[in-house]
Amino acid sequence: MEGRFLLRLEDIDTVRCTPAYEEAIFEDMRWLGIEWEEPVRRQSEHFADYANALETLRDAGLIYPATLSRAALRRQIEAAEAQGKVWPRDPDGTPLYPTAERDRTEAEQDAIAESAEPFAWRLNMDSALKHLGTSPIGWPGLSLEDGSVSEKTQRPEQWGDVVLARRETPTSYHLSVVVDDAIQGITHVVRGQDLEPATAVHRVLQMLLGLPCPTYHHHDLILGDDGRKLSKSRDDTSLTSLRASGLKPQDIRRMVGL
């Protein structure tokens, strides 16, 4: 089966994403025997594409500026839990954002957007699903074992009002990947199992923006001794370290089910 392999650098955090990290990704991919087309799409070079998509959602009244800080949100959660209430959390365990700011008037929203106040553009998930008229939402999932495709479904409301952009970072992972997939003509997405639940959010955005839906395969993860996925934030073992320990490319492919 003929195909093209595209590699994308998701570098919307222009402070943390450095040339050294880029080169490490390229080196790891070459070691795995994976070749890709040039030029590589760098998300930091395409903020205008994401701004256009965000404006479409704003014109439809489906996003709103949210100003609650992490500290203020934490205080709300602690106060609620101190009263015995259960604060809802998304599939990753992150507390959902409260919905009180959804009801601001258009003039109030404009004032926030034009001010110097920190804020994030959040998707009004209830309005989005009402607009679409459906939940759960499905997508085609590919099995690499036999090549079969079956429908996968999730309820996007379990993610709450996800962030689509911030003042200091004009897009988010959710928004940028669906825009990029459409622009690049992506037909098949291969990524980690940890991202499968979030595909429901991506399908909502694809449907709202009139974008095509790729077929998805979510591969197994290499887990740490504690059963959690590896993470740079916890100084977990990197692919470079696994290489140094003597593992071969075929070992890595087997460990992730490819």
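In which strand does Arg8 lie? Arg8 lies in strand 1, which spans residues 8-9. The model is predicted, so local features need pLDDT of at least 70 and side-chain atom pairs count only at pLDDT 80 or more, while totals for chains, interfaces and linings use all residues. Residues are numbered from 1 along each chain as its sequence is written, and side-chain values use heavy atoms, with hydrogens and water left out. Helices (H or I, at least four residues) and strands (E, at least two) are DSSP runs, numbered from the N terminus.

**Surroundings of Arg8**

- Arg8 is buried, with a relative accessible area of 17%; buried means under 20% relative accessible area, exposed over 50%, and partly exposed in between (1.4 Å probe, protein chains only).
- The side chain of Arg8 makes a polar contact of 2.7 Å with the side chain of Asp181, and another of 2.8 Å with the side chain of Gln184.
- A polar contact is a pair of N or O atoms within 3.5 Å; within protein, one must be able to donate a hydrogen and the other to accept it, and residues adjacent in sequence count only if both atoms are side-chain atoms.
- Beyond its neighbours within four places in sequence, Arg8 is in contact (heavy atoms within 4.5 Å) with residues including Val40, Arg41, Val177 and Ile186.

- Three strands form an open sheet in the order 3-4-7, with antiparallel pairing; two strands pair if DSSP finds at least two bridges between them.
- Strand 3 (63-66) and strand 7 (163-166) are the edge strands, each pairing on one side only.
- From one strand to the next, the twist averages 25°.
- Strand 3 is joined by four bridges to strand 4 (residues 120-123), and Ile63 stands opposite Leu123 of strand 4.
- Trp121 lies in strand 4 and counts as buried at 9% relative accessibility.
- The C-alpha atoms of Trp121 and Ala165 are 5.2 Å apart, although the two residues are 44 residues apart in sequence.
- Leaving out residues up to four places away in sequence, Trp121 touches several residues, among them Leu54, Tyr64, Gln109 and Val163.

**The hairpin**

- Strand 5 (residues 137-142) and strand 6 (residues 149-154) run antiparallel and are joined by six bridges.
- Leu142 stands opposite Val149 in strand 6.
- Six residues lie between the two strands of this hairpin, and Gly147 in the turn has a positive phi of about 75°.

**Helix 2 and helix 7**

- Helix 2 (residues 47-59) packs against helix 7 (residues 199-209) at an angle of about 75°, with the axes 10 Å apart.
- Axes are lines fitted to C-alpha atoms, for helices over the stretch in contact, and angles run from 0 to 180 degrees between N-to-C directions.
- The two helices are therefore roughly perpendicular to each other, a label for angles of 65 to 115 degrees; under 35 counts as roughly parallel, over 145 as roughly antiparallel and the rest as oblique.
- Ala53, Thr56 and Leu57 in helix 2 meet Leu205, Leu208 and Leu209 in helix 7.
- Thr56 is partly exposed, with a relative accessible area of 41%.
- Ten of the eleven residues of helix 7 are buried, so this helix is largely enclosed by the rest of the structure; among the buried ones are His202, Arg203 and Gln206.
- Gly210 follows helix 7 and has a positive phi, near 70°.
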